[in-house]
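Visitor: Could you walk me through this one? I have the sequence and the model open.
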Amino acid sequence: MHSQGRREFLSTMGAFALLPTVRTEAELVLHNANVLTMDPAQPRAQAVAVSGGRFLAVGSDADVLNLATGRAARVDLGGKTVVPGFIDAHSHPAEAGYQHLKQVDCALDSIARIQEALRSRAAKTPPGDWVLGFKYDDTKTAEGRFLTREDLDAVSTAHPVLVGHRGGHTVYVNSLALQKAGVDEKTPDPAGGRFYRDPARGRLTGRAAETAIDVFGKAIPSALSRDDRREGVRLIGAMMARTGLTSVTDAGGSPEDLLAYQDAREAGQLPLRVYCHIRAPYLDSMLKAGVRTGFGDEWVRVGAVKMVCDGSISERTARLAQPYVGRPDDRGILVTPEPALYATLRKAHEAGWQLGVHANGDEAIDLVLRIYERLQRELPRRDPRFRLEHCTMITDDLVARIKALGAIPTPFSTYVYWHGEKMKEYGAERLDRMFALRSFLDAGIRATQASDYPPGPFEPMMALQSEVTRTDSRGNVWGPRQKITVEEALRVGTIHGAYASFEERLKGSIEAGKLADLVVLGRDPLREPASSLVGIPIERTMAGGRWVFEA
Ligand SMILES: [Zn+2]
């Protein structure tokens with residue numbers, strides 16, 4: 001048994017020794033396993049004992065089986081590999097859950113099939129009500145162009161139709177949706193947004209980006225009940241647990257989302273832990289209620305305050321220092337101006353909140369770092385763990401500044417594998433500076449695993465393959481200088497994620513005293529060819545000592 005972990009466990013338990021619920025007897029022992037602990041003091045083990053939702057002991061079969069007395073259940077894992085539960089440090093589970101519950105999944109391979117799916121939903125929808133789609137991706141359709149308002153008028157002229165892009169920063173609407181939102185050819189582009197127009201005639205194409213999306217959001221009545229929200233969270237939680245995720249950061253939560261997570265938990269339907277960022281418009285009400293980062297417990301906890309600086313990588317609107325390849329006048333979109341970001345971030349920083357700002361392009365990252373540096377000069381805080389949500393495109397200078405601040409990047413983990421067809425618009429030179437895990441790890445920066453789901457798939461095994469091979473699903477290599485090893489990718493997906501939410505003493509590795517979150521894998525990723533990591537089956541997922549998924 002690892003003595004340091006044991007000591008830590010004993011001292012942890014000591015603090016609660018008088019509580020009647022504490023159990024020091026093992027309830028469950030998993031043995032005959034290949035445990036990759038992510039604990040540098042004891043990287044490998046054969047067995048773990050679990051009690052009260054935490055690891056009681058981690059070590060050799062001989063040591064740990066000694067604890068399997070009385071009623072302890074024993075599970076022989078037959079030599080299978082066990083890793084800590086994976087942590088997705090940036091995704092949108094509540095929102096995605098609601099979408100899976102209520103909208104048309106448009107992850108389809110042609111515009112014709114998308115139209116067909118929307119048409120069949122329209123047939124069941126009263127005229128005048130909205131038909132909504134999500135997970136549409138222009139680069140995954142045979143036509144290889146954006147949806148137009150004509151495409152969507154062909155779905156229905158009696159229903160307003162809106163289809164969101166998988167990236168989450170553009171939408172595609174039909175003529176009735178434009179009318180319902182009060183948008184016509186004379187409507188100017190809002191600051192930080194764009195209504196796309198046909199260059200020859202100036203006619204609206206039906207595509208809208210960034211802040212221009214807001215008018216549609218206001219026009220769509222929310223049809224979600226409190227019970228719908230709980231059900232959405234249950235649905236996405238089950239989808240994520242079966243891939244080996246035991247913790248997730250909701251990178252854009254609202255008070256309603258926070259409630260939905262709590263409702264799901266109370267109903268026994270939350271299989272993973274949630275660190276819930278709160279969007280900036282809700283900051284004042286949170287401050288008034290005396291809530292800040294860290295409030296909650298190990299299942300549902302308030303995360304950082306979330307703001308957005310620039311556009312998206314998958315929709316090619318990220319704000320770049322140099323133009324996109326083939327579009328000399330396009331450097332992407334700056335969504336929130338620096339003074340507005342600074343004012344809100346200062347207020348949150350001063351009140352003890354962690355800050356998490358979406359910044360993809362190199363120009364956006366520079367801007368956000370400038371604000372973080374200024375805040376630490378004006379209001380220095382010890383260990384603020386500033387987050388750079390995505391932090392996609394770096395330079396050596398940006399990496400040095402991230403390291404100096406102790407900031408945390410959450411780069412997209414599955415984009416190289418999944419979104420390969422978009423990479424040419426950034427060009428080979430920039431790809432070697434994107435999703436830059438090699439650069440971050442070499443500089444000693446604790447970057448995380450992050451899907452941003454729906455924009456990127458959340459399967460941790462796909463993240464491993466994408467990060468290790470830098471190869472897309474068709475075999476094209478993008479940015480090979482940023483390859484990392486499987487061992488490194490496992491740490492990025494576990495203990496680094498725990499650090500990003502100030503929970504590295506609670507989870508992220510398999511150590512006595514930590515939360516009993518683990519995954520049983522069908523094959524050992526350290527022995528698997530890098531090109532087939534994505535195919536490693538997830539056999540079981542445990543969160544808090546309970547099996548939350550069993551294949
Ligand atoms: Zn996001």
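Guide: What follows covers the metal site, one histidine and some strand pairings.

Guide: This is a predicted model, in which local features need pLDDT of at least 70 and side-chain atom pairs count only at pLDDT 80 or more, while totals for chains, interfaces and linings use all residues. Residues are numbered from 1 along each chain as its sequence is written, and side-chain values use heavy atoms, with hydrogens and water left out.

Visitor: OK, which residues coordinate the zinc ion?
Guide: The zinc ion is coordinated by His90 through NE2, His92 through NE2 and Asp452 through OD, at 2.0 to 2.1 Å. Donors here are N, O and S atoms within 2.8 Å of the metal (3.2 Å for Na, K and Ca), and because water is not among the atoms, sites may look incomplete.

Visitor: And where do histidine 90 and aspartate 452 lie?
Guide: Histidine 90 lies in strand 8 (residues 86-91), whereas aspartate 452 is in the loop between helix 16 (437-442) and helix 17 (460-469), so the pair ties together parts that are 362 residues apart in sequence. Helices (H or I, at least four residues) and strands (E, at least two) are DSSP runs, numbered from the N terminus.

Visitor: Is histidine 90 buried or exposed?
Guide: Histidine 90 is buried, at 0% relative accessibility, and aspartate 452 is buried too, with a relative accessible area of 6%. Buried means under 20% relative accessible area, exposed over 50%, and partly exposed in between, using a 1.4 Å probe and protein chains only.

Visitor: Switching topic: what does the side chain of histidine 358 reach?
Guide: Histidine 358, found in strand 18 (residues 355-359), has a side chain that reaches the backbone oxygen of glycine 311 at 2.9 Å. That side chain of histidine 358 also makes a polar contact with the side chain of asparagine 360, at 3.3 Å. A polar contact is a pair of N or O atoms within 3.5 Å; within protein, one must be able to donate a hydrogen and the other to accept it, and residues adjacent in sequence count only if both atoms are side-chain atoms.

Visitor: Now the strands. How do strand 4 and strand 5 pair?
Guide: Strand 4 (residues 47-51) and strand 5 pair in the antiparallel sense over five bridges, and two strands pair if DSSP finds at least two bridges between them. They form a hairpin with two residues between them, where glycine 52 in the turn has a positive phi of about 60 degrees.

Visitor: Why is strand 5 largely enclosed?
Guide: Five of the six residues of strand 5 (residues 54-59) are buried, so strand 5 is largely enclosed by the rest of the structure.
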